[in-house]
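Q: Could you walk me through this one with me? I'd like to ask things as I look.

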Amino acid sequence: MTALRLEAPAKLNLTLSIVGRRDDGYHLLESTFALLDLADRLLLMPGEAGLRVEGDDVRGVPLGAENLAWRGLVAGLDREPDGANLALEKRIPTAAGLGGGSSDAAAAWRLGRAWRGAPTVATKAELVELARIGADVPFFAADAAAARVSGIGEQVEAIEPGAQAVVLVHPPFGLSTADVFAELRRDEWGRRHNDLLAPARRLRPELDDLFRAVTEAGGDPQLTGSGPTVFSLADDGERAADVVDRLVRVGLRARMTRTRLSPAAIERIAEEESHDQP
């Protein structure tokens, strides 16, 4: 069996509005998503069944059956892996609001489907099932570079992506999505560019300093998802690079990336090439 490789891109929530809550406690949302060039990398290859995780951002990444990439692979194969080994290289920070774990799950699902010769673009019914793994997983499995997402994440409508440079600022702390939603107040629904900003700021007042620093560096700070990653968009790559340079000079962890114009595609690679991958 040929090894299969696939990038798992990060995402931005360009907008995020809470519009209701179901009887089971899940919040209903309306959000605009966009994929980024920043991405994890996954490699599915023949071998003893198992998961290998490496990279600079592996703190807090589970290695067992609770790992989202592993859960996605099991769902894609429709069974526990047998003779298939999954390697995951983490580049997206964890607990950052960038959807890294959910993107890994969707990418592994697509790899599992390709491994057994099944279609790798999710149907509407499959998007509903994938939402059980995580609310962002359906977007990543829908084969769209940008989309309007609603419901609890399972309703995905592809839209035309825009080409923009993106400044990402990573605080030295994470934020739990569950904690942010628990802090969300009913009167904060549908009032802001990102309805999760206010509860995130209450949990992490340091975000105010981060927003101030991005503004002083010439950016327009916004929070992606439940945070804590702050982003700023720019039509000009040079301007974005200048903002990054100013932020780095004041001691912040910042980088430039770009929005994607197309989703990642599965690559088939020779067995000998896969040994030192992903």
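Q: What follows α1, and what is its phi like?
A: In this predicted model, α1 is followed by D78, which has a positive phi, near 65 degrees. Helices here are DSSP runs of H or I with at least four residues, strands are runs of E with at least two, and both are numbered from the N terminus.

Q: And which residue caps the N-terminal end of α1?
A: That is N67, with a side-chain oxygen 2.8 Å from the backbone nitrogen of A69.

Q: Which residues of α1 are buried?
A: In α1, residues 68–77, the buried ones are A69, W70, G72, L73, G76 and L77, where buried means under 20% relative accessible area with a 1.4 Å probe, counting protein chains only.

Q: Why are they on the same side of α1?
A: They lie on the same side because they cover an arc of only 160 degrees around the axis, taken from the directions from the helix axis to the C-beta atoms.

Q: What covers them?
A: The cover includes β2 (27–46), β3 (50–55), β4 (84–90) and α2 (100–115).

Q: Switching topic, what should I know about how the model was treated?
A: Local features need pLDDT of at least 70 and side-chain atom pairs count only at pLDDT 80 or more, while totals for chains, interfaces and linings use all residues. Residues are numbered from 1 along each chain as its sequence is written, and side-chain values use heavy atoms, with hydrogens and water left out.

Notes: Buried means under 20% relative accessible area, exposed over 50%, partly exposed in between (1.4 Å probe, protein chains only). Contact means heavy atoms within 4.5 Å. A polar contact is a pair of N or O atoms within 3.5 Å; within protein, one must be able to donate a hydrogen and the other to accept it, and residues adjacent in sequence count only if both atoms are side-chain atoms.
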